[in-house]
Amino acid sequence: MADETQVSWLTQEAYDRLANELEYASTTGRQEITDKIQSAREEGDLKENSGYHAAKDEQGKQEARIRFLTNLLKTAQVSAAPESHGVVVPGTVITAIIAGDESVFLLGSREIAGQSDLDVYSEKSPLGTAIMGLAVGDSTTYEAPNGRAITVKVTAVENYTG
C-alpha cells in the first residue's frame with residue numbers, strides 16, 4: 001500500500017494551539033486517565049464496573065486524538081492564511097450558493113477554525129474538490145455522497161482572518 005501523506009495547511013496560531021493540546025494529552029492527560037483506571041480497578045469486579053469501562057473508553061478516545069494530532073502536526077504546512085485573489089484555495093472563506101441556499105464556510109481543516117462558529121469543509125470533501133480553483137462567479141455541479149447532483153456558484157472568496 002502506498003504511503004499517501006496528506007499535507008494540511010495551518011496558521012501558526014492553530015499549530016501552536018494543537019501542539020499545546022498534544023503536549024497536555026500526551027503527558028498530564030494520559031496520567032489523569034491512568035489514575036482514573038487505577039482507581040476504578042481498586043473498586044473490584046471489573047466486569048460490572050462502569051467507572052472502569054468509562055475510563056478505558058476515554059483512554060481510547062484520547063489515544064486516537066493523540067495519534068491524529070501527531071500526524072497532523074508532522075505533516076502540517078504552517079503559514080499565514082493564503083491571499084484569496086478571488087480564487088478558491090485551502091484556507092479561504094467562501095460564500096457560495098449551494099443548491100439554492102447561501103452558505104459561508106472555511107475551506108480547510110476544522111482544526112484551523114478553533115472555537116469559531118464558521119462552518120468548515122475539507123478541501124478533500126466532494127464540495128471542496130468541486131470548488132477548488134474556481135473564481136468568483138464560477139459555477140459547477142458535484143455529486144453528493146447520496147448520489148444527488150448539487151449545483152454550486154461561488155459568490156465571494158475572502159482571506160481567512162482567524
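Analyst: Axes here are lines fitted to C-alpha atoms, for helices over the stretch in contact, and angles run from 0 to 180 degrees between N-to-C directions. Helices (H or I, at least four residues) and strands (E, at least two) are DSSP runs, numbered from the N terminus. With those conventions, helix α1 (residues 12–41) and helix α2 (residues 50–75) pack at an angle of about 160°, their axes lying 9 Å apart.
The model is a predicted one, in which local features need pLDDT of at least 70 and side-chain atom pairs count only at pLDDT 80 or more, while totals for chains, interfaces and linings use all residues. Residues are numbered from 1 along each chain as its sequence is written, and side-chain values use heavy atoms, with hydrogens and water left out.

User: Why is α1 called roughly antiparallel to α2?

Analyst: Angles under 35 degrees count as roughly parallel, over 145 as roughly antiparallel, 65 to 115 as roughly perpendicular and the rest as oblique. The angle between α1 and α2 is about 160°, which makes α1 roughly antiparallel to α2.

User: How many salt bridges does the structure hold, and what makes the contact of E21 with R65 one of them?

Analyst: The structure holds five salt bridges, each defined as a side-chain nitrogen of Lys or Arg within 4 Å of a carboxyl oxygen of Asp or Glu. For E21 and R65 the closest N and O atoms are 2.8 Å apart, and the pair forms a salt bridge. This pair links distant parts of the chain, with E21 in helix α1 and R65 in helix α2, 44 residues apart.
The side chains of R17 and E13 also meet in a salt bridge, at 3.3 Å from N to O. Because R17 and E13 are four residues apart in helix α1, about one helical turn separates them.

User: What makes β5 and β6 edge strands?

Analyst: Two strands pair if DSSP finds at least two bridges between them. Five strands form an open sheet of mixed pairing in the order β5-β4-β3-β7-β6. β5 (119–121) and β6 (139–143) each have a single partner strand, so one side of each is left without a neighbour in the sheet, and they stand at its edges. From one strand to the next, the twist averages 45°.

User: How do you know that β3 pairs with β4 and with β7?

Analyst: Strand β3 (residues 92–98) and strand β4 (residues 101–107) share six bridges in the antiparallel sense, and the bridge partner of V93 in β4 is L106. With strand β7 (residues 149–159), β3 pairs in the antiparallel sense over seven bridges, where I94 has V157 as its bridge partner.

User: How many bridges join β6 and β7, and what lies between them?

Analyst: β6 and β7 pair in the antiparallel sense over five bridges, with Y142 opposite I150 of β7 and S139 opposite K153 of β7. The two strands form a hairpin with five residues between them, and G147 in the turn has a positive phi of about 95°.
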